[in-house]
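Reader: I'm new to reading protein structures. Can we go through this one together, bit by bit?
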Amino acid sequence: MTEEQFLRLERLIGKDQVNLLHQKHVTVVGAGAVGGYAFESLVRSGVGNIRIVDFDTFAYSNINRQILATYNTVGKKKVEVAKERALSIYPDCNVEAVDAFASLDNYEMITQNTDLVIDCIDSLNPKIGLLEYCVKHHIPIISSMGAALRRDPSLIKTSLISDTWGCPLARQVRSGLRKRGVSTDILCVFSPERVNFKYTPVEEEESEENNNEIGRKRVVLGSLVTITAIFGELLAHNALSILIGSENFTGEKSFKP
């Protein structure tokens, strides 16, 4: 790493805060359309220790919206591609690639020794399970709600899950957490934009994105890179604010996860 790599960041938040980011450890669960952007933004911001968790491989249909997906990465493990890219950006970053599907069996492993977890899981039950685990074990976590089917970037917001509206995924997550007796005062990024989708049993679409046997079959929903990127960037922005203190990063009081 050259001294000038983080010069622009130092000029904004100060050298001490950049050095603090070098010491922090963040876990990003999900390396897809939202998680990939959150992951890369943290790397470019100098977070020194990052664990990236995903079980999947890249498909051609990922290329339209996933920053790590290219023709050259199709068929490759997402976490391995993420690690290689991170080290090409920030060679001194300690990147741990975890090739696993987030579940009750490994929540403890994927959240150990971390300052903050960023949840970019697109499966409902594993998402609720990870949020429950982190809340009960007092591990700070930020979560992404539904980014697919949205078209209006101006509606994307940061809020607590308890205060969200208009998002079918947030509604299901909120309900699931309450049934488990878990607080819904968890920081998240969401959009209240009206979409025609309900989380009810439906016939699954067959696509190249459903070829992996791990996890559940997924309904293939349309999505824009401009929307998923903003979701990921907002997650990373809030993460940085939490990691070094909002007064040092934004000048305003931030949410506490």
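Reader: Which residue of β7 does I142 stand opposite?

Author: I142 stands opposite L187 in β7. Keep in mind that this is a predicted model.

Reader: How many bridges join β5 to β7?

Author: Three bridges join them. β5 covers residues 141–144 and β7 covers residues 187–190. The two strands run parallel.

Reader: What about the pairing of β4 and β5?

Author: β4 and β5 pair in the parallel sense, over three bridges. Look at V117: its bridge partner in β5 is I141. The chain gets from β4 to β5 through α6. This β-α-β crossover is right-handed.

Reader: Which way do the residues of β5 point?

Author: I141 and S143 point one way, and I142 and S144 point the other way. In a regular strand the side chains alternate between the two faces of the sheet.

Reader: Are those β5 residues buried or exposed?

Author: I141, I142, S143 and S144 are all buried.

Reader: Which helices lie across β5?

Author: Among them are α6 and α8. Helix α6, residues 124–136, lies across β1, β4 and β5. It runs at about 165° to β5. Helix α8, residues 225–244, lies across β1, β4, β5, β6 and β7. The angle between α8 and β5 is about 170°.

Reader: Zoom out. What is the strand order in the sheet?

Author: The order is β3-β2-β1-β4-β5-β7-β6. That is seven strands in an open sheet, and the pairing is mixed.

Reader: Which strands stand at the edges?

Author: β3, residues 94–99, and β6, residues 157–160. Each has a single partner strand, so one side of each is left without a neighbour in the sheet.

Reader: And what is the average twist?

Author: From one strand to the next, the twist averages 20°.

Reader: How many helices are in the chain?

Author: Nine helices, along with seven strands. The chain has 257 residues, and 52% of them count as buried.

Reader: New topic: α3. How many of its residues are buried?

Author: Nine of the ten residues in α3 are buried, so here I'd call the helix mostly covered. α3 spans residues 35–44. The buried ones are G35, G36, Y37, A38, F39, E40, S41, L42 and V43.

Reader: What do they pack against?

Author: They pack against strands β1, β2, β3 and β4, and against helices α4 and α8.

Reader: Let's take α4. How do α3 and α4 cross?

Author: Their axes come within 9 Å and cross at roughly 25°. That makes α3 roughly parallel to α4. The crossing is right-handed. On the α3 side, the contact is made by F39, E40, V43 and R44. On the α4 side, A82, R85, A86 and I89 make the contact.

Reader: And at what angle do α3 and α8 pack?

Author: At about 45°, with their axes 7 Å apart. α3 and α8 are therefore oblique to each other. This crossing is right-handed.

Reader: Which residues of α3 make that contact?

Author: Y37, A38, S41 and L42. The α8 side includes V225, A229, G232 and E233. L235, A236, A239 and L240 of α8 also take part.

Reader: What comes just after α3?

Author: Just after α3, G46 takes a positive phi of about 90°.

Reader: Which residues other than glycine have a positive phi?

Author: N113 and L149 are among them. N113 has a phi of about 50°. It sits in the loop between α5 and β4. For L149, phi is near 75°. L149 is found in the loop between β5 and β6.

Reader: Why does N113 count as exposed?

Author: N113 has 68% relative accessibility, so it counts as exposed. The cut-off is over 50%. L149 has 29% relative accessibility, so it counts as partly exposed.

Key: Residues are numbered from 1 along each chain as its sequence is written. This is a predicted model: local features need pLDDT of at least 70, side-chain atom pairs count only at pLDDT 80 or more; totals for chains, interfaces and linings use all residues. Side-chain values use heavy atoms; hydrogens and water are left out. Two strands pair if DSSP finds at least two bridges between them. Helices (H or I, at least four residues) and strands (E, at least two) are DSSP runs, numbered from the N terminus. Axes are lines fitted to C-alpha atoms, for helices over the stretch in contact, and angles run from 0 to 180 degrees between N-to-C directions. Contact means heavy atoms within 4.5 Å. Buried means under 20% relative accessible area, exposed over 50%, partly exposed in between (1.4 Å probe, protein chains only). A crossover is right-handed if, with the strands pointing away from the viewer, the path from the first strand over the helix to the second runs clockwise. Angles under 35 degrees count as roughly parallel, over 145 as roughly antiparallel, 65 to 115 as roughly perpendicular and the rest as oblique. A crossing is left-handed if the near helix is turned anticlockwise from the far one by less than a right angle, and right-handed if clockwise.
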